[in-house]
Amino acid sequence: MHLLVKGTSGRLTGEALVPNSKYHAHRALILASLAPGVSRITGLSDARHVQYTVGLLRGLGVKIEIEGDTFIVHGLGGTYRPAKDSVSAGSSGTTLYFMIGLAALSEKDVVVTGQKYFQRRPVGPLLRSLEQMGVELESANDCPPISVKAKRPAGGHVTIAGTLSQWISGLILLAPFATGKTVIEVQGELNEQPYIELTVEMMKQFGLKVSFSPDWRRFEIEPNQQATTCDLVMPPDIGSAAFGIAAAALHPLTSCCAG
């Protein structure tokens with residue numbers, strides 16, 4: 001496959017609408033699903049991966065309506081009610097990593113799967129850390145599909161490689177709903193720290209408490225917490241604005257990015 005880009009020395013004009021942040025949307029939808037009551041998440045992201053999160057949560061029994069540019073999430077208070085034996089993360093790694101552990105908060109056992117090529121995506125380090133927390137699960141080769149037993153985790157001391165922030169966030173999102181205190185320690189190099197900070201900050205907005213060390217490598221989470229409803233407005237995604245910003249820096253122009 002070859003991509004040919006035709007350059008120009010002329011003036012660029014126009015306006016580009018910056019889409020809302022899918023990173024915020026994933027977290028807000030999941031946290032809203034765990035609160036007892038209605039949360040409103042304004043600023044729809046049309047990212048396909050966000051739609052996979054919506055679909056998986058609906059498969060776990062969460063009612064999610066769309067009104068204009070707002071998700072209306074009817075949270076279940078920390079206990080999912082799967083309509084089927086399996087739910088799919090589609091092709092969204094974020095959805096998969098966040099929801100494997102949270103699937104344990106269901107009324108019945110559930111299988112978390114994804115599109116066919118996801119069956120070759122290894123998640124062994126995350127599965128071992130979830131097992132340390134007391135999540136009972138089975139996987140033939142440390143890849144989806146993953147069978148998750150309906151049983152609240154016990155908490156405890158958990159270690160996780162700092163390779164992927166989504167693995168760490170998945171553990172942090174689950175820990176407040178454990179029956180005992182959870183301590184999470186990150187081993188090796190910590191990557192993508194800002195996304196972990198985003199997870200903790202958004203959990204705070206939904207009433208969940210997470211204590212963390214100054215270097216973001218140790219987290220202490222008290223058990224048996226209850227999420228609270230929250231109305232949020234999703235910010236624009238600065239990453240999606242990068243293309244327009246780069247063009248603005250390279251060319252004489254009359255344009256702007258709106259979000």
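A residue counts as buried when its relative accessible area is under 20%, and Thr 53, with a relative accessible area of 1%, is therefore buried. The model discussed here is predicted, and its chain has seven helices and 14 strands. Of the 259 residues of the chain, 46% count as buried, and among contacts between residues at least 6 apart in sequence, 74% join residues at least 24 apart.

**Thr 53 and its surroundings**

- Thr 53 lies in helix α2, which covers residues 48–59.
- When residues up to four places away in sequence are not counted, Thr 53 touches His 26, Leu 29, Ile 30 and Thr 95.
- One of these contacts, Thr 95, is itself among the buried residues of helix α3.

**The nonpolar core**

- In soluble globular proteins, nonpolar side chains tend to be buried together.
- The largest nonpolar core of this model has 72 residues, and those with the most contacts inside it are Tyr 80, Ile 100, Leu 102, Ile 172 and Phe 219.
- Helix α1, made of residues 22–34, gives the most to this core, contributing seven residues.
- Ile 172 touches Ile 184, Ile 196, Val 200, Met 203, Val 210 and Phe 219, again leaving out residues up to four places away in sequence.

**The sheet with strands β5 to β8**

- Four strands form an open sheet in the order β5-β6-β8-β7, and the pairing within it is mixed.
- The edges are held by β5 (86–88) and β7 (137–138), each of which has a single partner strand, so one side of each is left without a neighbour in the sheet.
- Strand β5 pairs with β6 (residues 110–113) in the parallel sense over three bridges, and within this pairing Ser 86 has Val 111 of β6 as its bridge partner.
- Helix α3 (residues 93–102) lies across β6, β7 and β8 (146–148), and its direction runs at about 165° to β6.
- Helix α3 is mostly covered, since 10 of its 10 residues are buried; among them are Leu 96, Tyr 97, Phe 98 and Met 99.

- Strands β9 and β10 (residues 182–187) pair in the parallel sense over six bridges, with Val 158 standing opposite Ile 184 in β10.

**How helices α4 and α5 pack**

- Helix α4 (residues 124–132) and α5 pack at an angle of about 20°, with their axes 10 Å apart.
- Angles under 35 degrees count as roughly parallel, and α4 and α5 are therefore roughly parallel to each other.
- The crossing of α4 and α5 is right-handed.
- On the α4 side the contact is made by Pro 125, Leu 126, Ser 129 and Leu 130, while on the α5 side it is made by Trp 167, Leu 171 and Leu 174.

Methods. Residues numbered from 1 in each chain as written. Predicted model: local features only at pLDDT ≥ 70, side-chain atom pairs only at ≥ 80, totals over all residues. Heavy atoms only, no water. Core = buried A, V, L, I, M, F, W, Y, C linked by side-chain atoms within 4.5 Å. Buried < 20%, exposed > 50% of the residue type's maximum accessible area, 1.4 Å probe, protein only. Helix = DSSP H or I, 4+ residues; strand = E, 2+ residues; numbered from the N terminus. Contact = heavy atoms within 4.5 Å. Pairing = 2+ DSSP bridges. Axes fitted to C-alpha atoms, helices over the stretch in contact; angles between N-to-C directions. Parallel < 35°, antiparallel > 145°, perpendicular 65-115°, else oblique. Left-handed = near helix turned anticlockwise from the far one by under 90°.
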